[in-house]
Each structure stands twice: as structure tokens, then as C-alpha cells.
Amino acid sequence: MRPHGGRRLVTGFREAVIDLGAIAANVAHLRTLIGTPHLMAVVKANAYGHGALPVARTALAAGADWLGVADVDEALQLRAGGIDAPILAWLHDPDVDFRAAISQDIDLGLSSARQLRQAADAAAALGRTASVQLKLETGLNRNGVHEPDWADVFALAAGLERAGLLRVRGLFSHLSNASPSDDADAVGRFERGVRLAADAGLAPSLIHLASTAAALRLPAARFSMVRIGIGLYGLSPFEDQNSHDLGLVPAMTLRGRVAAVRRVAAGAGVSYDYLWRAPEDGNLALVPLGYADGVPRQASGAATVRIGGRTHPIVGRIAMDQFVVSVGQVNVSVGDEVVLFGDPRAGAPSATDWADAAGTINYEIVTRIGHRVPRSYRQPGEATQSGTEG
Ligand SMILES: *Cc1c(COP(=O)(O)O)cnc(C)c1O
């Protein structure tokens, strides 16, 4: 039952609340700050766990004009959901059949002569022209055309363009963020590639290199478009600046309800292997989220949660479906709201706090929130109550 404009009054048993107003505000803020003609909202991996369709619609309404995904399948799902904005997909099955993508007007990010031929074959079979963007290798050594092959691949692309089979709409690459000098080297290499492509007769209208980190800190990498992933979700890609410092609002609040409470005596063990024993008599609360839901087991004994306006430590091992919180002498009740992470300005721990506790990055924390956790959406303009505390 979802009375009152679709918002449930009671916290779900397990739930990820996605504040679409935060997504819209982050897009608007980054657009103004960065000022490139184009801004791509990166919504791969189910929009980093936030839900691809609602995030895509919100980002487009807020001023993004491109969507980026890894696979063609992700792009096709956006089309099936009614999204008609430009979409770029850049990671492909070796035996990919590009026909569906081309007929649905999905731009193909291509990294090799083989992929160019696959795109041209699919376009020929359809009697259409594929729109492609060539990815250049500039240091990461993942995919992208390797520098020694640039001239040949550009010549091949120019020939296929003259044959009407494809049009090279963009050139792009991706940075390592290893250090400012490594990124400056990559920018230089990328610029050489852009000049070489022009010499080969290509005239791409979109030149893009920066994801969130470089978009914010390396103006030389902005070119005509930036590809914004983590910033869209209100999280910082940096260790020395948090969301608030960057003017971003975290969009995901992960929460649940206390499923059981008990009082234990000093010395009682908790959860598998008794990694933790109660130092004194006290109260425990059981939270019904575990590593099946993306709560990292590595954060056992290290992360904290918010219950009733107070922060409490997780104790013992995080299990598949549940973990235990020590609340000391505080009284909590079955059914109380537990916030694992959300917007620190509402008092909640951040996704980055969880990442620190688990030895990973905030990207992984939000992206791995599992299918068993229902997403609920707060529309732009709805009051933000994430991490409500009475
Ligand atoms: C994931 C990804 C992005 C987004 O990166 P953020 O750091 O999340 O902004 C941009 N470009 C490419 C090629 C990616 O794979």
C-alpha cells in the first residue's frame, strides 16, 4: 500500500530509497560548474545500483543530453523503457551482433578494426549507417585502439564512412586517475589521436575523455563532453573531498527495520565465529540485511549504522541475510528504522564510510546493493526525509 503520493509511511524491511531530486540537483550543479556543451549521465550497472530507468529520465530532465552504458543490452533496456535520448555503449561481446543496437540508434563505442567491421557488416545488413565513437587507448591498457594502430584504424573508419556504412560521431578515451602527471600524459596522447583522426579525414563532433574526477579537477580533459557517473549519484571520487565539499547530494539511502532485539550478558558471543563478545551486559539489535544484499562482509566489526538518532557499531560477522548491532544500554524496538548509509547531513553514515570500513570504494558499495532490496523513489520536489529520525 503506498498512500500519500506514492511514499510509504513506514520504512521497508529492507529498502534503498533513491532521491531523484538529489540526482537532478547533482546534474544541474555539475552542468553549471563544468560548462561543457554536452554532459553524459553514465547509467551502466543499473545506474550504479540506483535503477537505470528512473535515473536516466531524471538526469535527462535535469540537463544531461547523453546516456552512457557499458553493454548494448543495457542500452536496449533503456530504449525498451521509452528513452529516446542518445546512448553510447562501449564494451562488447567478441561475437556481438550490432544489428539491434544500430536499428535502435545506439552509438557504438568501438576499440578495434574487428569491431569496426562488425559494425559495418551489421549496418550493411540493415541498409543503414551506424553511428560510432572510436575509443583510443591512452594509458589504462583496458580496451581502446592502441596508438600504433591509430593510423590504420582511422583509415579503415574513413573508408567505411565514405561507403556510407558508418559515421564517426565521436572520439573518446578514459583516464587512470593514477596521478596528475599520468593524466596529463594521457590528455597529450589523446590530443595526438584527435589530430591524427582529423588528418585521416574524420570529423567527429564529440570529443570526450573525463569522467567525474577529471571533469571536476582537470579542465584540460573536458573537451566537448564529460561522462559523469559517481557524481550523478552524489558521491565523491576523491579521498580528500566529500560529497558536501563538492556540492553534491548522495542519492541513495540504504535502510531497513530492526527485526529482533535481545539483551545479553557480559561475555556472550555474537554471530559466526564469535568474533565479538559483549564486554558488559547490553542490548543487541538484529538488522535484516547481509552480504546477499551487498552489505560487505569485510565491514564486519568496522561499520556503523544509525538507529533512532544515534550511531551504533556493527558487531561480529556480517552474514548473508543479517547482522547485529550493539546498542549498549539504549533501548531499541523491533520495527525501528535502521539507516546503514545515506546523506551524512541527515546524520547517517555515508557510502564512503562503508567503503572505508570494507577496504573498498563508494562506487562498489552502492553498485552491489542486491536485487533483494526493493528500490523506492522519491520524486524531485518531494520533501527529503532520508534517514528520518523521529
Ligand atoms: C564508468 C565510466 C565512467 C563514469 O566514471 P565515474 O568515475 O563514475 O564518473 C565514464 N567513462 C567510462 C568509459 C566508464 O567506464
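Which residue in E18 is the bridge partner of isoleucine 307? Look at the second view below for the answer, and keep in mind that this is a predicted model.

**View 1. Nine strands line up in an open sheet.** Going across, the order is E11-E14-E17-E16-E15-E18-E10-E1-E19, and the pairing is mixed. Strand E11 (260-264) and strand E19 (375-378) sit at the edges with a single partner strand each, so one side of each has no neighbour in the sheet. From one strand to the next, the twist averages 35°.

**View 2. Strands E15 and E18 are joined by two bridges.** Here's the answer to the opening question: isoleucine 307 has valine 338 as its bridge partner in E18. The two strands, E15 (residues 304-307) and E18 (residues 337-341), run antiparallel. Helix H10 (residues 351-358) packs on the sheet, where it touches E15, E18 and strand E16 (310-315). The direction of H10 makes about 70° with that of E18.

**View 3. Helices H6 and H7 pack together.** The axes of H6 (residues 113-126) and H7 (residues 150-162) come within 10 Å and cross at roughly 10°. Angles under 35 degrees count as roughly parallel, so that's what we call this pair of helices. On the H6 side, the contact is made by Ala113, Leu116, Arg117 and Ala120. H7 brings Val153, Leu156, Ala157 and Leu160. Sort these residues by class and you get seven nonpolar, no polar and one charged.

**View 4. Histidine 208 is tucked away in strand E8.** This strand covers residues 206-208. Is histidine 208 buried or exposed? Its relative accessible area is 0%, so it counts as buried. Histidine 208 touches Leu88, Gln133, Leu171, Phe172, Ser173, Phe190, Met225 and Arg227, leaving aside residues up to four places away in sequence. With one of these, arginine 227, histidine 208 makes a side-chain to side-chain polar contact (3.0 Å). Glutamine 133 is 75 residues from histidine 208 in sequence, while their C-alpha atoms are 9.9 Å apart in space.

**View 5. Threonine 11 makes a polar contact with glutamate 337.** You'll find threonine 11 in the segment before strand E1 (14-19). Its relative accessibility is 12%, and buried means under 20%, so threonine 11 counts as buried. The polar contact runs from side chain to side chain, at 3.1 Å. Apart from residues up to four places away in sequence, threonine 11 touches Arg255, Gly256, Arg257 and Glu337.

Notes: Residues numbered from 1 in each chain as written. Predicted model: local features only at pLDDT ≥ 70, side-chain atom pairs only at ≥ 80, totals over all residues. Heavy atoms only, no water. Pairing = 2+ DSSP bridges. Helix = DSSP H or I, 4+ residues; strand = E, 2+ residues; numbered from the N terminus. Axes fitted to C-alpha atoms, helices over the stretch in contact; angles between N-to-C directions. Contact = heavy atoms within 4.5 Å. Parallel < 35°, antiparallel > 145°, perpendicular 65-115°, else oblique. Nonpolar A, V, L, I, M, F, W, Y, C, P; charged D, E, K, R; others polar. Buried < 20%, exposed > 50% of the residue type's maximum accessible area, 1.4 Å probe, protein only. Polar contact = N/O pair within 3.5 Å; in protein donor to acceptor, adjacent residues only side chain to side chain.
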